[in-house]
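Please keep the model open as you go through the points.

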Amino acid sequence: MRKKWLGILLACVLVTGTLGGCGSQAESSTENGTVKEEAAGGENDIIHLKYTTWSAGGEQTAVKQAIASFEAQNPDIKVEAEFIDNANYTAKLNTLMAAGDAPNVAQLNGYLAPEYGAKGQLLDLKPYLEEQVDFDDILPEALFEYDDKIWGMTFGVECQLVFYNRELFRQAGVEEPSTDAGNPWTWEEYVAAARKLTTDINGKHPEEAGFDTNNIAVWGTKVFDAPVFNFTLLNSNGGAFIAAEGDKLLVDSAESKEVLKALQDLIYVDKVAPKPSVTSAMPSSQQMLMDGQLGMYIGGQFEIATFAEADYGDFGVAPLPVFKKPASMIWGEPLVVYDSKDEKVNAAAVKLVLALGNPAEVSDLFITGAQMPIYKSWYSDPEKLKVWTDNPWHNEKLMSYFDSLFKTETTSREAYYVKNYDPIMAIVQPRLDKIWDGQDVNDALDGIQEEVKPEMQGYYKLVNYYSDAQ
């Protein structure tokens, strides 16, 4: 089904591109992103934009489709897209900037938008957006606004949820959880379900005599080492990785340690999850879920694109389990525009940013679930909603969860508001790895405040994303 829709979309793009892109091009020098080229009907100013992103897999395919559609609708703009591996992305982007070859539009990690904006490297999008969008219609998580300037705008938002294999739930006799973000499973219920789902090659569960931890047929769940997947759980217990003021850590607070210990127990006490250091040799979580090797895991809704690619629809979703209070997170990484000092080029770059965030133009990104729209009307208007959700992957449970998500209080990522986020977490992450490898939580975090203190530089914007931790 998805491949058929994608083929139709690409065919339309190709037809449009053929009609709008006839004519030969003439060699010419480039200045400020604008060159003279021969196009149908005579000589036109062709604006060349460079766009960098870490999009991969199905999302990359959708971005390419979007750019082709954008060029077909804007024959005076050509876009060169560079897809850079996520692990090397920021370093490569800094190299391009140092060489004076910064892209016109780039996807950034959220905390870098205010940093680069404060250095005068980015274009303030606010004057452009004020003329073209209804700010009341934009989700607040989509804009990266500091000092009354907008330094970035994401093309789609994302959320966290629990994915689960519905057939494994049926086989294990586990009742499917509520999709209501305000009424999630407790952590104890989550662990109990994981125990029922976990079986060794002989069909035994962790609490049964003779359970073989070295030969697991189905893992109940997983523990992820990426902080983005654990921050919301910390927040549910009143904890966090970093204080909102950016002046100290909270990862070693009692509230945070309680959650980290519970996650560690999934591996060593409950025996329902493999060590993160082992999962790198396993298939992806999505593949394991589809193959019946993984009962459930906490992930991001963007992973639905993988299910869509495989034409797999028998997955369920649920809100994250709760410790003290329900916690949900909506986030998206910004697209930023580097100021070229050429108004025509800057305006074209903003036009590209807006196009990438428009579900009417970038349908495949949203149809597959790789992204969620940034405009509220695309959730409330029945006709707009149908454009991106009338498919097998936006199933009843997923749409029920989306509906409740926007009616509950959501949290924000520390990465958007705390200065120097990456250098801070580069110190925190090795301590977390020790926890996943079995070291006592208190011992693993001992002395971390002093180690990280030189990296603490405050905050860009104060956000109350925790309540109890001191």
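1. Start with helix H3, residues 89–98. Tyr89, Leu93, Leu96 and Met97 are buried there. Buried means under 20% relative accessible area, exposed over 50%, and partly exposed in between, with a 1.4 Å probe and protein chains only. Down the axis of H3, the buried residues fall within an arc of 100 degrees, so they line one face of the helix. The arc is taken from the directions from the helix axis to the C-beta atoms. An α-helix has 3.6 residues a turn, so residues three or four places apart point the same way. After H3 comes Gly100, with a positive phi near 75 degrees.

2. A word on the basis. This is a predicted model, in which local features need pLDDT of at least 70 and side-chain atom pairs count only at pLDDT 80 or more, while totals for chains, interfaces and linings use all residues. Residues are numbered from 1 along each chain as its sequence is written, and side-chain values use heavy atoms, with hydrogens and water left out. Helices (H or I, at least four residues) and strands (E, at least two) are DSSP runs, numbered from the N terminus.

3. Next, strand S12, residues 328–331. Ser328 and Ile330 point one way, Met329 and Trp331 the other, and all are buried. S12 has two partners to check. Strand S7 (residues 158–165) pairs with S12 in the antiparallel sense over 2 bridges. Strands pair if DSSP finds at least two bridges between them. Ile330 in S12 is the bridge partner of Cys159. Strand S14 (residues 410–411) runs parallel to S12, again joined by 2 bridges. There, Thr410 is the bridge partner of Ser328.

4. On a 1 Å grid over the protein atoms alone, a cavity is a set of points where a 1.4 Å probe fits but cannot get out; a pocket is an open set with protein on both sides within 12 Å along at least five of seven lines; lining residues have an atom within 4 Å of a point. Grid points are joined across faces, edges and corners, and a volume is the space filled by probe spheres set on the points.

5. The largest cavity has a volume of about 80 Å³. Its lining has 13 residues, with Lys222, Asn230, Leu233, Leu263 and Ile298 nearest the centre. Helix H7 (187–197), helix H8 (227–236), helix H9 (254–268) and strand S10 (296–300) each give two or more residues to this lining. H8 gives the largest share, 3 residues. By class, the lining has 10 nonpolar, 2 polar and 1 charged residues. Here Ala, Val, Leu, Ile, Met, Phe, Trp, Tyr, Cys and Pro count as nonpolar, Asp, Glu, Lys and Arg as charged, and the others, Gly among them, as polar.

6. The second largest cavity comes to about 40 Å³. Met329 is one of its lining residues, as are Arg413 and Glu414. H8 supplies the largest share here, 3 residues. The lining divides into 7 nonpolar, no polar and 2 charged residues.

7. The second largest pocket holds about 330 Å³ of space. It is lined by 15 residues, and Lys50, Asp101, Ala102, Pro103 and Asn104 lie nearest its centre. Strands S2 (42–53) and S3 (77–83) each supply at least two lining residues. The lining has 5 nonpolar, 5 polar and 5 charged residues.
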